[in-house]
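Subject: Structure for you to look at

Dear colleague,

I am handing over the structure below, together with some notes on its helices and sheets. Please keep it open while you read, as the notes refer to it throughout.

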Amino acid sequence: MAVKSTPTTTASSSVCSVPTLFFAFTLLCALSLSLFFLSNPSPSSSPPPSCSSFISQNAPFSPQNSLKVYVADLPRSLNYGLLEKYWASGPDSRLHTDVDHQIPDTHLPKNLEFPPYPENPLIKQYSAEYWILGDLMTPQEHRTGSFASRVFDAAEADVVFVPFFATLSAELQLATARGVFRKKAGNEDYERQRQVVDFVKNTEAWKRSGGRDHVFVLTDPVAMWHVRAEIAPAVLLVVDFGGWYRLESKSLNGNSSDVIQHTQVSLLKDVIVPYTHLLPRLQLIENKKRPTLLYFKGAKHRHRGGLVREKLWDLVVNEPDVIMEEGFPNATGREQSIKGMRTSEFCLHPAGDTPTSCRLFDAIQSLCIPVIVSDNIELPFEGMVDYSEFSVFVAVDDALKPNWLLSHLRTFSREQRDRFRRKMAQFQPMFEYDNGHPGGIGPIPPDGAVNHVWKKIHQKLPMIKESIVRERRKPPGVSVPRRCHCT
C-alpha cells in the first residue's frame with residue numbers, strides 16, 4: 001500500500017511537574033529579556049518581545065492548534081506508482097522538447113520509493129499534489145514545522161486526505177491518448193478515477209460524513225473530470241473555478257452565468273491553492289533596472305474568458321516599452337521568460353482558458369508587478385495575503401479601452417512600484433511548494449505553500465462540522481437543498 005507509515009511513539013508520562021515547568025518558563029523569560037536589554041541599550045530601540053511571542057516563534061505547532069489529517073489507504077498505483085509509469089513512458093507528444101525524456105532509454109533507479117515529479121511544465125505547474133502528500137509521508141519526527149498533524153485513526157481526524165495524483169493521472173492520459181479523454185471506454189484515467197471514488201465511498205469515514213471532510217487535490221482544471229459530481233461534497237483544492245464555470249455553461253445550454261448553480265465548488269468549503277511557479281525566485285537584493293514597462297509571454301489565442309487576451313494583445317503589441325511574446329516557458333522559452341519578467345516593471349496577467357495561470361506566480365517570484373485583467377479571478381490564501389498591496393487589478397472593460405491600460409500603469413510612481421516589490425518579496429515564500437528534499441520527503445518551510453494550504457483547510461473546519469451535523473439530523477428521504485455559490 002502506498003501511504004502507510006508507523007506513528008512515532010511518545011513518552012507516556014511527563015518528565016517535569018507543573019511547578020517545575022512554570023519555574024523554568026519564568027527563568028527563560030527573564031533571561032531572554034535580560035539579553036534583549038544588554039544588546040539593545042538605546043531607549044529608541046524597538047520594544048522588547050513578550051514571552052509569548054518568544055515561545056510562539058521558536059516552538060513547533062502543538063497538536064491543539066494543528067490540523068489532524070488521516071491519509072486514506074489508497075494503493076501505491078494511484079500516487080507514486082503513477083510517477084513510475086510516467087518515467088517509464090515515452091516523450092510527451094504535446095511538447096517539441098520533453099526535458100524529462102530527452103535521453104532515450106534512461107529510467108529512474110528501480111525500487112525508488114519516492115520518485116521525482118516531472119519537470120515537464122505542462123505537468124509541473126500542477127505539482128501541489130506531490131508536495132502536500134510528501135509532507136504527510138515525512139516521518140513524524142521531521143514534521144515539527146508542519147501545521148498538519150498526521151493521525152492513524154480516521155475517527156481522530158479533522159479531515160481525510162485522499163492521496164490520488166489526479167493531475168498526473170489526467171496528464172498521462174492527455175499525453176498518450178488525448179482522443180479518449182472525454183470518453184470512458186478505453187480511458188485509463190477514468191478507470192483510476194472510478195477506482196478512487198469506489199474505494200473512498202466504501203469506507204466508514206466517508207459514510208460518517210458523506211465525504212464532507214475528505215480532501216482531494218484537483219489542481220489541473222480537468223482532474224477527476226468524470227466523477228466530479230460524486231466528490232462534490234468534499235473539500236477540493238483547486239487553482240481557480242475556471243473549469244467548473246465551463247461545465248456550468250454547458251449545463252445551461254451554452255448560456256454563460258456568473259453564478260454556479262450546482263453545489264460542486266464554493267469558497268465556503270473549497271480552497272484555492274497556487275500553481276507551482278516555473279521560474280526561479282529573484283531575491284529583492286538581486287533586483288536591477290527594469291527598462292520595459294509591460295511584459296507578457298504566452299499564447300495569444302485562447303477560448304472562452306481568454307478572448308480578452310487576444311484583444312489586449314492587439315491593443316498594446318506595437319506600443320513602445322511593451323513586449324508581447326508567443327510561447328510557453330519551456331526550454332529556450334524559459335530563458336526568455338526569466339529575462340522578460342526580470343527586466344519589466346509590470347507583467348500582464350489576462351485570463352486564458354481559466355481565470356488564472358502559473359504566469360501570475362512566475363511574476364511574483366520574478367518581482368514583476370502583476371497586472372491582473374480578469375473579472376472572475378479567485379486567488380490563493382486571500383485573507384492571509386492582500387494582493388492589492390503588490391498587484392494592479394484592472395476591469396476588463398477598462399483594459400480594452402484604447403490607450404487606457406498603459407496610461408494607467410504610467411501613473412504609478414517609482415516609490416509606489418518599489419513599495420509593491422518590497423511587499424511582493426515578503427510573500428514570495430508563501431507560494432513555494434518545493435521543500436528542497438529528494439522525493440518531497442522532509443521538513444517543509446513553516447511559511448511555505450503547503451503549510452498555508454493546511455491552515456486554509458483548518459479555517460473550513462467549523463463549516464465542515466456543521467454541514468455533517470445538519471446532514472445527520474435530516475429524516476430519511478429528505479433531499480439536500482441546492483446551495484448558492486456564495487463569496
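In this predicted model, helix α5 (residues 128-137) and helix α17 (residues 449-472) pack at an angle of about 85°, with their axes 10 Å apart. Angles of 65 to 115 degrees count as roughly perpendicular, and α5 and α17 are therefore roughly perpendicular to each other. On the α5 side, the residues in this contact are Trp-131, Ile-132, Asp-135 and Leu-136, and they meet Val-450, Val-453 and Trp-454 of α17. Sorted by class, the contact of α5 with α17 has six nonpolar residues, no polar ones and one charged residue.

How much of α5 is buried? Ten of its ten residues are, so α5 is largely enclosed by the rest of the structure. The buried residues include Trp-131, Ile-132, Asp-135 and Leu-136, and also Glu-129, Tyr-130 and Gly-134.

The other partner in that contact, α17, also packs on a sheet, and that sheet comes next. It is an open sheet of six strands with parallel pairing, in the order β2-β1-β3-β4-β5-β6. Its edge strands are β2 and β6 (271-272), each of which pairs on one side only. Helix α17 touches β1, β2, β3 (159-161), β4, β5 and β6, and the direction of α17 makes about 95° with that of β1.

Two of the pairings in this sheet can be followed residue by residue. Strand β1 (residues 67-71) and β2 pair in the parallel sense over four bridges, and the bridge partner of Lys-68 in β2 is Ser-149. Along strand β2 (residues 148-151), Ser-149 points the same way as Val-151, whereas Ala-148 and Arg-150 point the other way, and all of these residues are buried. Further along the sheet, strand β4 (residues 214-217) and strand β5 (residues 235-238) run parallel and are joined by three bridges, with Val-235 in β5 as the bridge partner of Val-215.

There is also an open sheet of five strands, again with parallel pairing, in the order β8-β7-β9-β10-β11. Strands β8 (322-325) and β11 (392-394) stand at its edges, and each has a single partner strand, so one side of each is left without a neighbour in the sheet. From one strand to the next, the twist averages 20°. The partner of β11 is strand β10 (residues 369-373), which runs parallel to β11 and is joined to it by three bridges; in β11, Val-392 is the bridge partner of Val-371.

Finally, please look at helix α6 (residues 166-177) and helix α7 (residues 188-201), whose axes come within 8 Å and cross at roughly 160°. Angles over 145 degrees count as roughly antiparallel, and α6 and α7 are therefore roughly antiparallel to each other. The crossing in which α6 passes α7 is right-handed. Which residues make this contact? From α6 they are Ser-169, Ala-170, Leu-172 and Gln-173, and these meet Glu-188, Asp-189 and Arg-192 in α7. By class, the contact of α6 with α7 has two nonpolar, two polar and three charged residues.

With best wishes

How values were computed. Residues are numbered from 1 along each chain as its sequence is written. This is a predicted model: local features need pLDDT of at least 70, side-chain atom pairs count only at pLDDT 80 or more; totals for chains, interfaces and linings use all residues. Side-chain values use heavy atoms; hydrogens and water are left out. Axes are lines fitted to C-alpha atoms, for helices over the stretch in contact, and angles run from 0 to 180 degrees between N-to-C directions. Angles under 35 degrees count as roughly parallel, over 145 as roughly antiparallel, 65 to 115 as roughly perpendicular and the rest as oblique. Contact means heavy atoms within 4.5 Å. Ala, Val, Leu, Ile, Met, Phe, Trp, Tyr, Cys and Pro count as nonpolar, Asp, Glu, Lys and Arg as charged, and the others, Gly among them, as polar. Two strands pair if DSSP finds at least two bridges between them. Buried means under 20% relative accessible area, exposed over 50%, partly exposed in between (1.4 Å probe, protein chains only). A crossing is left-handed if the near helix is turned anticlockwise from the far one by less than a right angle, and right-handed if clockwise.
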